[in-house]
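The structure comes first, and the notes follow by topic.

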Amino acid sequence: MSRVNDAEKGSDIDPQEAQQTLEIAEANLQKAEGKRQTIEANLALRRARTRVEAINVIS
């Protein structure tokens, strides 16, 4: 089974939801405590930023 099929297409992403998720991820990174929370917050932020960038490529 290919992992590529699990990826979202930019056209399938709700721009408002993606932007909101990015803002939440940024806030979570600011209040992260400890190494594990910081790593998880960074990963979530990277995923959220990638989704927003995918939308911007299409529009």
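A residue is called buried when its relative accessible area is under 20%, exposed when that value is over 50%, and partly exposed in between, with a 1.4 Å probe and protein chains only. By that criterion, 19% of the 59 residues of the protein chain count as buried. This is a predicted model, in which local features need pLDDT of at least 70 and side-chain atom pairs count only at pLDDT 80 or more, while totals for chains, interfaces and linings use all residues. Residues are numbered from 1 along each chain as its sequence is written, and side-chain values use heavy atoms, with hydrogens and water left out.

**Overall make-up**

- The protein chain has 2 helices and 0 strands; helices (H or I, at least four residues) and strands (E, at least two) are DSSP runs, numbered from the N terminus.
- The accessible surface of the protein chain is about 4,900 Å², and 50% of this belongs to carbon and sulfur atoms; the areas come from the Shrake-Rupley method with a 1.4 Å probe, and for residues only the protein chains shown count as cover.
- Of the contacts (heavy atoms within 4.5 Å) in the protein chain between residues at least 6 apart in sequence, 59% join residues at least 24 apart.

**Helix packing**

- Two packed helices are described by the angle between their axes and the distance between the axes.
- Here the axes of α1 and α2 come within 8 Å and cross at roughly 155°; axes are lines fitted to C-alpha atoms, for helices over the stretch in contact, and angles run from 0 to 180 degrees between N-to-C directions.
- α1 and α2 are therefore roughly antiparallel to each other, a class that takes angles over 145 degrees, whereas under 35 is roughly parallel, 65 to 115 roughly perpendicular and the rest oblique.
- On the α1 side, the residues that meet α2 include Pro15, Thr21, Asn28 and Leu29.
- On the α2 side, the residues that meet α1 include Thr38, Ala41, Arg49 and Arg51.

**Nonpolar core**

- A nonpolar core is a set of buried Ala, Val, Leu, Ile, Met, Phe, Trp, Tyr and Cys residues joined through side-chain atoms within 4.5 Å.
- The largest one has 8 residues: Ile13, Ala18, Leu22, Ala25, Leu45, Ala48, Val52 and Ile55.
- Ile13 sits in the segment before α1 and counts as buried because its relative accessibility is 7%.
- Ile13 and Ile55 are 42 residues apart in sequence, and their C-alpha atoms are 6.9 Å apart in space.

**Partly exposed positions**

- Glu17 belongs to helix α1 and counts as partly exposed at 33% relative accessibility; its C-alpha atom is separated by 9.9 Å from that of Ala48, 31 residues apart along the chain.
- Asn42 lies in helix α2 and is partly exposed, with a relative accessible area of 29%; the C-alpha atoms of Asn42 and Ala32, 10 residues apart along the chain, are separated by 9.5 Å.
- Ala54, also in helix α2, counts as partly exposed at 25% relative accessibility; Ala54 and Ala18 are 36 residues apart in sequence and 9.9 Å apart in space, C-alpha to C-alpha.
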